[in-house]
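Please look at the model before reading the points.

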Amino acid sequence: MGFDVRAFAAIHDLFRITRATKSAAIGSFSILGDVETEVSGSRIVQPVFDRADTADEDRKMVGGIFFRLNWLNYFKNLFHGGDNDASVVVVLQNSCPASPAPSATDTQNGNSDHVVTFQIDGSRASFLGKEDLHDPIYDSLEVTETFIDLGIDQSKVPDGLCVPTLSLHVYPSPSLKKKFETRNNRVIYTSAVVVIFSFTVLVFLLYDFVVRRLQRKAMDRINKQDMIVANVFPSAIRDRLYQAQGNALQQSQMVGAKTSPLGSASESGTMGSAPLADLFPNTSVVFADIAGFTAWSSAREPQQVFVLLENIYGALDAIANKFVIFKVETVGDCYVAAAGLPEPMDNHAIVACKFAREALKKMKEVTHEMEVLLGPNTAALDLRIGIHSGQVTAGVLRGERSRFQLFGDTINTASRMESSGERDRIQVTQATAELLTESGYSKWLIPRSTRICVKGKGEMQTYWVRRLKPPVPKISDMNAEMSTVDETIGTDGGESAGPCGGEQGRLVP
């Protein structure tokens, strides 16, 4: 079908632009159809040349292809599968100046417009009108993109004509707002989120507090238990106990049996693991007994007895820590300690005597201070100390109330040195005296003038160890012991003795 393009000004202008620019041209928006079924479209002209070489500037335009683009059909099914209840508003705008209001003839001939508006509802599209009909309240949500730009050199376009660049402006519609806006529920949702978050934080803080409290209690319990174990066992033995317990626990888990913390004996009397026992060949054992304690304690309240013992033993513990002496145990009013175990030391005899000399001095200080609180005759109490050096078997005797214990002749001999000694004096055996002499401490020693007879040992030559300084006079016993001997004279004030079992002999049980 042929028609005269000059009869349609808009189409004629497109051919003029195409002929001048030798490229395709698109016109402004036009209204297609009647008033009731009007839709917007755009005219497009594609030139046809006598040669296909696009770089040839001398080629001639011999024809053109003209067609109309119906924008409504273009936007249909654009969002295929979308939600028809949530729509967007699309505004198409060209860059050319808006044309004057068209006449009736121009409208019939398809005069162009500057802006057109569509609404896209999922797979459906509808033409809203020949102007920008979006709601201004959504201007802040506008999305703009360049839609069609043919890149034509505007200087080649004939005067009075324009090739537009189409831009696309997308806005939300009221239906989209209705679908995604929470409206009055915003406060409710926000409050719910705040409440949930606050509750979560509160639960976390409460959980953290409870866990910390439980951990603190567990650590306090562990520290107390460790302190109790440390008071009963040396650190080296304690570590070996923990290691043995760990090994026993692993074995019990494998066989499903139960083990006691210290590996107690089974009903048959056999042990589940090797006992913790060692031989210490070079040690010095100290026995320190409170002379006069039995008579003193019989006239005191139980609380007073324990106040005295706690103060005396506490002072001796401090001295033991000072000289790295291991406190073995306290049996009644007797304090037992050992040097050279569980950590070996070469000068164990010297350390034991230093401990004993310091203990005698401290005993006088403590009893004088406590006499005001505990009554008369408290300052009359003294220590009687015996020391012997030799080998000792030591270890953990497992079972109920297990503890670290010492065994051997050295223990018995040290005990007899204490029982056969004198109050406020330190008695040592020949073995200990020889170690002191070899180390250059012979000046500490005063040979006892009489040999003592010890059960199972026979006659023994023993020695007194000089005190740090002369004893402080005691008012309560000045008349009781006027025969105290000055160490510097070299006499011991002891009884005369004869052969073991003789008339003048002294048998130590």
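The points below cover the cores, a surface patch, one threonine and the salt bridges.

The model is predicted, so local features need pLDDT of at least 70 and side-chain atom pairs count only at pLDDT 80 or more, while totals for chains, interfaces and linings use all residues. Residues are numbered from 1 along each chain as its sequence is written, and side-chain values use heavy atoms, with hydrogens and water left out.

**Nonpolar cores**

- A nonpolar core is a set of buried Ala, Val, Leu, Ile, Met, Phe, Trp, Tyr and Cys residues joined through side-chain atoms within 4.5 Å. Buried means under 20% relative accessible area, exposed over 50%, and partly exposed in between (1.4 Å probe, protein chains only).
- The largest nonpolar core has 45 residues, of which Phe 355, Leu 383, Ile 385 and Ile 387 touch the most other members. Helix α9 (residues 348-374) gives the largest share of this core, 13 residues. Helices (H or I, at least four residues) and strands (E, at least two) are DSSP runs, numbered from the N terminus.
- A second, separate core of 18 residues includes Leu 72, Val 88, Phe 118 and Ala 125.

**Thr 462**

- Thr 462 lies in the loop between β18 (458-460) and β19 (463-465). Thr 462 counts as buried because its relative accessible area is 0%.
- The side chains of Thr 462 and Gln 427 are joined by a polar contact of 2.8 Å. A polar contact is a pair of N or O atoms within 3.5 Å; within protein, one must be able to donate a hydrogen and the other to accept it, and residues adjacent in sequence count only if both atoms are side-chain atoms.

**Salt bridges**

- A salt bridge is a side-chain nitrogen of Lys or Arg within 4 Å of a carboxyl oxygen of Asp or Glu. The count by this rule is 13.
- Asp 382 pairs with Arg 423, with the closest N and O atoms 3.1 Å apart. This pair links strand β13 (residues 382-397) to the loop between α10 (409-419) and β15 (425-428), 41 residues apart. Asp 382 is buried at 3% relative accessible area, whereas Arg 423 is partly exposed at 28%.
- Arg 467 forms a salt bridge with Asp 424, the closest N and O atoms being 3.9 Å apart. Both Arg 467 and Asp 424 are buried.
- Through shared partners, salt bridges join Lys 364, Asp 382, Arg 423, Asp 424 and Arg 467 into one network.

**Surface patch**

- Val 48, Val 62, Ile 65 and Phe 67 make a nonpolar surface patch of about 350 Å². Patches are made of residues with over 30% relative accessible area and no salt bridge: like charges are joined within 9 Å, nonpolar side chains (Val, Leu, Ile, Met, Phe, Trp, Tyr) within 5 Å. Accessible areas come from the Shrake-Rupley method with a 1.4 Å probe; for residues, only the protein chains shown count as cover.
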